[in-house]
Amino acid sequence: MVHSNALNRLNRLPIGRFHKVTLLAVSFAYFFEFADINTFATTAPKLIKVWGVTIDQVAYVTSLSFVGMFIGSIVASALADRWGRKRALLLTTLWFGVFSFASVFSWDIVSLGVFRVLTSAGLAAMTVVAVIYVNELYPAAVRGKYQAYAIVVGICGTPATNLVASAVVPLNDWSWRLIYLWGALGILLVLFTRRLKESPRWYESRGEHAKADEILREIEASVAAEKGPLPEPAPPVDEAPQTRAPLKLLLQKRYLFPTLLLTVLWVTQTIGFFGYSSWAPTLLAKEGFSVEKSVFYVALTTVGAPLGSYLASLVTDRFERKWCLAAFGIVIALCGLLYGLTFNPVLIIVFGFLVNMFERGYTALAYAYSPELFDTRGRSLGTGVSYGLGRLSNAAGPLIVASLYQSSGYRSVFFFIAGTWLVGAVVLAVFGPLTRQARTAAKEARPEAVQVP
């Protein structure tokens with residue numbers, strides 16, 4: 001059978017300039033995804049004053065944004081399978097950049113809500129494609145680390161947005177619009193177009209072995225010129241070409257369990273994280289803190305986010321990812337609860353810092369863990385559907401938060417969020433598959449090929 005042996009040829013490569021340029025491009029996309037995802041949260045307190053927006057309206061816009069994320073995640077898996085990982089990455093980033101730019105010109109909460117839903121669809125779609133792209137291009141033994149490295153850089157978009165917002169939003173009644181202009185800069189990913197390579201594993205899965213081999217030769221030539229002669233790859237495993245994966249594929253036993261498990265992972269992560277990050281500025285403002293202080297406090301807490309992704313990079317390939325995820329989830333639950341039980345500004349910043357640090361580490365670990373539970377045929381669909389269902393679940397999250405706040409008070413919101421994180425941690429600990437053995441086997445097969453700078 002004809003083959004290009006893409007998996008083994010990529011796995012035996014040392015990390016070279018090709019991998020670093022790819023990492024830079026993905027990190028850039030992540031940066032503006034994380035920069036844009038919190039723009040509405042940082043402007044909502046101002047809109048309450050300028051447009052007379054209510055808590056319920058904030059909840060509806062936030063809720064519908066997650067419906068957009070669900071749609072984007074499902075569409076992303078289809079785009080990535082049909083058009084390729086590289087093209088889908090570029091298109092989804094352009095999409096969210098264009099509609100973030102459109103948000104600058106919104107004239108009321110309805111128009112802004114529509115633009116945010118469309119932007120959110122692009123944000124989630126880009127994330128799904130980027131996770132798959134990194135998973136398929138990097139050696140198995142270090143892909144988790146490089147997924148985390150991309151998040152380390154990308155997550156800086158969150159504190160950057162919050163710090164920009166804390167300086168810009170209070171200036172006058174229209175300056176909040178500049179935050180959406182900032183989020184639109186992800187469009188500049190087009191500058192990387194010629195430097196990115198399509199996934200050879202995607203070509204191979206379609207039976208296009210000549211194209212896969214051509215790209216593999218280009219990558220190998222680039223790495224060999226920099227690192228010297230390459231070791232021989234492991235023998236290929238013949239596989240029949242795969243057609244586009246239908247949705248019913250996920251009903252098969254080998255795909256159904258990981259899809260359900262990852263759906264729980266992303267549902268609890270989404271409600272737990274966005275219940276915190278989307279509401280923290282607004283709830284602090286409602287509890288008597290000024291808009292300026294509430295946005296500034298939240299901005300300071302998000303400084304912990306890059307450190308969390310870096311922490312994940314240190315543990316992700318060294319230990320079982322499921323145990324790391326469970327441990328991080330428990331710490332987030334505890335710190336998030338303590339955040340909600342204090343009104344001391346210093347403790348708000350400290351516990352908020354820890355929530356952001358461990359949550360972003362959790363997300364980096366989850367991005368590496370999710371695609372490992374599927375083969376090439378089911379990877380795009382399974383990752384997209386589980387991630388999308390997680391985002392869709394938060395269509396109810398903001399409504400629950402608003403209802404809890406209005407009926408039971410500020411602290412009840414954080415009891416709910418902590419409980420959500422604990423559920424996810426327990427489910428992963430009990431049912432999560434182990435993946436480290438397969439990664440270790442890949443590393444031991446060609447130990448000389450894994451040279452991490």
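**Salt bridges, stop by stop**

Select D81 and R85 to begin: their side chains form a salt bridge, with N and O 3.0 Å apart. The model is a predicted one, and a search through the whole of it gives 12 salt bridges.

Next, select R12 and E220. Their side chains also meet in a salt bridge, at 2.7 Å from N to O. Which parts of the chain does this pair link? R12 sits in the loop between α1 (6–11) and α2 (17–37), while E220 belongs to helix α11 (residues 209–227). The two are 208 residues apart, so the pair links distant parts of the chain.

Are R12 and E220 buried or exposed? R12 has a relative accessibility of 8%, and because the limit for buried is under 20%, R12 counts as buried. E220, with a relative accessible area of 12%, is buried too.

For the last stop, select R206 and E208. They form a salt bridge in which the closest N and O atoms are 2.9 Å apart. R206 has a relative accessible area of 35% and is therefore partly exposed. E208 is at 23% relative accessibility, which also makes it partly exposed, because that value lies between the limits of 20% and 50%.

How values were computed: Residues are numbered from 1 along each chain as its sequence is written. This is a predicted model: local features need pLDDT of at least 70, side-chain atom pairs count only at pLDDT 80 or more; totals for chains, interfaces and linings use all residues. Side-chain values use heavy atoms; hydrogens and water are left out. A salt bridge is a side-chain nitrogen of Lys or Arg within 4 Å of a carboxyl oxygen of Asp or Glu. Helices (H or I, at least four residues) and strands (E, at least two) are DSSP runs, numbered from the N terminus. Buried means under 20% relative accessible area, exposed over 50%, partly exposed in between (1.4 Å probe, protein chains only).
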